[in-house]
Structure formats: C-alpha cells, structure tokens
Amino acid sequence: MSFFYVALGGFCGSFVRYQLSIVANKRLIGTWLANVTGSILLASLVFIYTKEILPHTWWLILGVGFCGAYTTFSTFGNETMQLLLQQRWNKAIGYISLSFIVSILPATLILSL
C-alpha cells in the first residue's frame, strides 16, 4: 500500500510542478519556485512528522511522493550547466546562490523550532 501512497503523491507533485512551469513561463523561475517552495514544504512536513502530528500515510503521500516529484534538482542541475556552458557566469552564480540560500535557510529555521 505504501507504493500506492507514494505514487499518488508523486502524480500530484509532478502535475503541480508542470502547471507551475506553465504559469511561470520562464524555466529558471519555475524551477526556482518549485525548489524553494518544495524545500519549505518538505521541512514543514519533516517537522510535523517527527513531532508525530502527521500520520505516516500522509508523510508518504506528501513528503515522499509529492515533494519528491515537485522539486526538481535534476532540472536545477541542467539549467545551471546550461548557464555555465553559455558562459553566463554571474547568472549561474546568482541562480545557485539564491536557490541554496532561499531553500535551505527557511528549512533550517523551521527544523530548528
């Protein structure tokens, strides 16, 4: 049954990620938004799951399935490599820095509560 829960969450996460890319209409913005919001959501889910507020079934659906499909580290890596190959150094450094800072800082703050 766990497989079903993860698959259900993954389906929903990939669908929302796809819709976000359409709405954002710019690849870097869509990927950045997905990774930042997904990181904050995942940190929040980890927090409430470890406090035993979130049932295991919902952890599988939302944490493992949804966040796993919604966030896009492989797309982030590909877009970063494209910027580097195009020698757009400042944009690549900014993209990497903002992605990590804005994703990790809120997650760290949430998990330190």
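Predicted model: local features only at pLDDT ≥ 70, side-chain atom pairs only at ≥ 80, totals over all residues.
The expected span of a helix is 1.5 Å times one less than its number of residues.

**Helix α4**

Helix α4 covers residues 73-85, 13 residues in total. From its first C-alpha to its last it reaches 18 Å, close to the 18 Å expected at 1.5 Å a residue.

Which residues of α4 are buried? They are F76, E79, T80 and L83. Seen down the axis of α4, these buried residues fall within an arc of 100°, so they line one face of the helix. On the other side of α4, S74 and L85 are exposed. The cover over the buried residues of α4 includes α2 (27-50) and α5 (89-111). After α4 comes Q87, which has a positive phi, near 60°.

**Helix α3**

Helix α3 spans residues 56-70. Its buried residues are W59, L60, I61, G63, G65, F66, C67 and Y70. Among the elements that cover them are α1 (2-24) and α2.

**A serine in helix α5**

S103 is found in helix α5. Is S103 buried or exposed? S103 counts as buried because its relative accessibility is 9%, and buried means under 20%. The side chain of S103 reaches the backbone oxygen of S99 at 2.7 Å. Leaving aside residues up to four places away in sequence, S103 touches N35, V36, S39 and L98.

**Cysteines**

A disulfide is a covalent bond between the sulfur atoms of two cysteines. How many disulfides does a search of the whole structure find? The search finds zero. C12 is in no disulfide, and the nearest cysteine sulfur, that of C67, is 12 Å away. For the pair to count as a disulfide, the two sulfur atoms would have to be within 2.5 Å.

| Residue | Relative accessibility | Class |
|---|---|---|
| C12 | 33% | partly exposed |
| C67 | 2% | buried |
| S103 | 9% | buried |

C67 is one of the buried residues of α3. C12 counts as partly exposed because its value of 33% lies between the cut-offs of 20% and 50%.

Key
Residues numbered from 1 in each chain as written. Heavy atoms only, no water. Buried < 20%, exposed > 50% of the residue type's maximum accessible area, 1.4 Å probe, protein only. Helix = DSSP H or I, 4+ residues; strand = E, 2+ residues; numbered from the N terminus. Arc of directions from axis to C-beta. Contact = heavy atoms within 4.5 Å. Polar contact = N/O pair within 3.5 Å; in protein donor to acceptor, adjacent residues only side chain to side chain.
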